[in-house]
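Subject: Structure for your review

Dear colleague,

Please find below the structure that I am handing over to you. I would be grateful if you could look through it alongside the notes that come after it.

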Amino acid sequence: MLNVGRLNEGVVLDHIEAGKSMSIYKYLKLDKMDCCVAIIKNAHSNKMGKKDIIKVECPIDELDLDVLGFIDHHITVNIIRDGVIVDKKELTLPKKLVNIISCKNPRCITSIEQGLDQVFLLADEETETYRCKYCEEKYRSSRKKQ
Ligand SMILES: [Zn+2]
């Protein structure tokens with residue numbers, strides 16, 4: 001059983017925009033991992049009104065936390081070891097996304113060759129624009145509104 005109040009080793013993701021926790025669960029591939037996860041939806045937040053929180057108990061190295069910067073870099077990442085917060089990770093836009101988003105270009109080699117990794121590279125930090133490594137198809141983060 002996961003002790004929701006206290007983790008031995010893992011991460012607490014705080015200040016998640018309310019309703020986003022399930023997509024983060026998927027992006028972190030927590031459904032495929034054999035670890036304890038607690039999702040708290042619509043928790044009260046002074047700053048945000050409502051927020052989601054995810055607590056994951058697992059070896060920290062097994063988590064690809066960089067992807068969180070792509071989803072929302074306002075999320076607070078608390079690294080827990082031996083029951084205490086030892087670090088807060090700063091989130092930045094990752095330079096490279098592997099198998100996070102898929103190329104929509106039907107002529108792209110990743111659409112033709114099924115086994116190929118979907119690789120996107122950060123093209124413009126300002127507009128949060130990524131481009132497919134193979135065909136340069138653009139991907140704009142949906143939360144950035146023009
Ligand atoms: Zn492509």
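The notes below set out what was found, topic by topic.

Please bear in mind throughout that this is a predicted model.

For C108, the relative accessible area is 1%, which is under the 20% cut-off for a buried residue.

Cysteines and disulfides

A disulfide is a covalent bond between the sulfur atoms of two cysteines. How many disulfides does the model have? The count comes to zero. C36 illustrates the point: its closest cysteine sulfur belongs to C35 and lies 7.1 Å away, which is too far for a bond, given that the sulfur atoms of a disulfide must be within 2.5 Å. C36 is also partly exposed, as its relative accessible area is 31%.

The nonpolar cores

The largest nonpolar core comprises 32 residues, and V11, L13, I24, L68 and V77 have the most contacts inside it. At least two residues of this core come from each of β1 (9-17), β3 (49-57), α2 (66-71), β4 (76-81), β7 (119-124) and β8 (129-132). The helix α2 supplies the largest share, with four residues. There is also a second, separate core of five residues, among them V12, A43, I53 and I80.

V77 deserves a separate look. Setting aside its neighbours within four places in sequence, V77 is in contact with V11, V12, L13, L65, L68, D87, K88, K89 and L91.

A lysine in a loop

K95 is located in the loop that lies between β5 (84-89) and β6 (96-98). Is K95 buried or exposed? K95 counts as exposed because its relative accessibility is 57%. Apart from neighbours within four places in sequence, its contacts are F120, L121, L122, E125 and Y130. Between K95 and K20 there are 75 residues of separation in sequence and a C-alpha to C-alpha distance of 22 Å.

With kind regards

Terms used
Residues numbered from 1 in each chain as written. Predicted model: local features only at pLDDT ≥ 70, side-chain atom pairs only at ≥ 80, totals over all residues. Heavy atoms only, no water. Buried < 20%, exposed > 50% of the residue type's maximum accessible area, 1.4 Å probe, protein only. Contact = heavy atoms within 4.5 Å. Core = buried A, V, L, I, M, F, W, Y, C linked by side-chain atoms within 4.5 Å.
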